[in-house]
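Hello,

Here is the structure you are taking over. My notes on what was found in it follow below.

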Amino acid sequence: MATKRPRYMISVDNEMFNAIEDFRFEHRFQTRSEATTELIRLGLEQLKKEQQQTAPSAPAGPSDP
């Protein structure tokens, strides 16, 4: 099926390949690409959450004397 989405190729070791395949079948994704895209999305969401948790708090405004 043709798509206008950007494409790129990656190489992984056997262990990661098998982990992606396991995830694919456990979650019933039709293609390896769909499973890989979901894993990337989940990873990026987790990174965003972690960054928000570790971000310094906004500085307090000036205090009233």
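Helices (H or I, at least four residues) and strands (E, at least two) are taken as DSSP runs, numbered from the N terminus. On that basis the protein has two helices and zero strands. This is a predicted model, in which local features need pLDDT of at least 70 and side-chain atom pairs count only at pLDDT 80 or more, while totals for chains, interfaces and linings use all residues. Residues are numbered from 1 along each chain as its sequence is written, and side-chain values use heavy atoms, with hydrogens and water left out.

Surface

The accessible surface comes to about 6500 Å², and 55% of it belongs to carbon and sulfur atoms; areas come from the Shrake-Rupley method with a 1.4 Å probe, and for residues only the protein chains shown count as cover. A residue is called buried under 20% relative accessible area, exposed over 50%, and partly exposed in between (1.4 Å probe, protein chains only). Of the 65 residues in the protein, 11% are buried.

The two helices

Helix 1 covers residues 14-26 and helix 2 covers residues 32-54; their axes come within 9 Å and cross at roughly 100°. Axes here are lines fitted to C-alpha atoms, for helices over the stretch in contact, with angles from 0 to 180 degrees between N-to-C directions. The two helices are therefore roughly perpendicular to each other (65 to 115 degrees; under 35 is roughly parallel, over 145 roughly antiparallel, the rest oblique). Helix 1 brings Phe17, Ile20, Glu21, Phe23 and Arg24 to the contact, and helix 2 brings Arg32, Ala35, Thr36, Glu38, Leu39 and Leu42, where contact means heavy atoms within 4.5 Å.

Phe17, in helix 1, is partly exposed at a relative accessible area of 32%. Leaving aside residues up to four places away in sequence, Phe17 touches Val12 and Arg32.

The loop and the ring pair

Arg28 sits in the loop between helix 1 and helix 2. Its phi is near 60°, a positive value in a residue other than glycine. Arg28 counts as exposed, at 76% relative accessibility.

Rings of Phe, Tyr and Trp (its six-membered ring) pair if their centres lie within 6.5 Å; planes under 30 degrees apart are stacked, over 60 edge-to-face, and the rest tilted. The count is one aromatic pair. The rings of Phe23 and Phe29 have centres 5.7 Å apart and planes at 20°, so the pair is stacked. Phe23 is buried at 14%, and Phe29 is partly exposed at 22%.

Regards
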